[in-house]
Amino acid sequence: MGFLAMKTDQIKSVAHHNLMLGSDLRILASLAAIYLLILDKTHWRTKMTTSLLVPYLFLSLPSELFYVLRGDIGKWIAFIAVVLRLFFPRHFPDWLEMPGSLILLLVVAPGFFADTLRHDVVGVFICLVIGCYLLQEHIKASGCFRNSLTTRHGISNTIGIILLLVYPVWCMLTDYL
């Protein structure tokens, strides 16, 4: 009985650490997506389709931040963004397009997407596909994988994209296999 109880405690401990690591990787992937969005609006611009980072962020944002932005705070931010875009288009900076789209997506997404899809294998698979596509496009634009690591500003984008892949790969390996 003592041996079995000890093994059960070890399994619970490992499961708890896997859950915590998965949460940390989700935060890391979200930060990497935000980092790539910021890089796209600076002089380090690449030929990446950064609009794919919006659904990636929608699916990978940590739950606490997701539900804060989905609540009243997000509604007010979305309202201000829409008013600025509609009535003062010259005063709405281009760099706010993607964050504004993300906030609108967070606020108006149906419950099926916000609650079910985010916590399901489908959401993780979509994140994996987006990460793989962005990595493939970045490597193709660079010429080859070696160039994506050695060309000007290539390594920062490559590392950011690889960090996008860490969270969905970890979830696929630990949760769904």
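Modeller: A patch is made of residues with over 30% relative accessible area and no salt bridge; like charges are joined within 9 Å, nonpolar side chains (Val, Leu, Ile, Met, Phe, Trp, Tyr) within 5 Å. A salt bridge is a side-chain nitrogen of Lys or Arg within 4 Å of a carboxyl oxygen of Asp or Glu. This is a predicted model, in which local features need pLDDT of at least 70 and side-chain atom pairs count only at pLDDT 80 or more, while totals for chains, interfaces and linings use all residues. Residues are numbered from 1 along each chain as its sequence is written, and side-chain values use heavy atoms, without hydrogens and water.

Colleague: What makes up the nonpolar patch on the surface?

Modeller: Its members are Trp76, Phe79, Ile80, Val82, Leu84, Leu86, Phe87, Phe88 and Leu104, with about 920 Å² of accessible area together (Shrake-Rupley method, 1.4 Å probe, only the protein chains shown counting as cover for residues). Helix α4 (residues 72-87) gives the largest share, seven residues; helices are DSSP runs of H or I, at least four residues, numbered from the N terminus.

Colleague: Why is phenylalanine 88 called partly exposed?

Modeller: Buried means under 20% relative accessible area and exposed over 50%, with partly exposed in between (1.4 Å probe, protein chains only). Phenylalanine 88 has 41%, so it counts as partly exposed. Phenylalanine 88 is found in the loop between α4 and α5 (97-108).

Colleague: Which helix has the lowest mean pLDDT among the elements of the protein chain?

Modeller: Helix α1 (residues 2-40), at 70, whereas helix α2 (residues 53-60) has the highest, 93. pLDDT is the predictor's confidence in each residue, from 0 to 100. The chain mean is 83, and 84% of residues reach 70 or more.

Technical notes
Helices (H or I, at least four residues) and strands (E, at least two) are DSSP runs, numbered from the N terminus.
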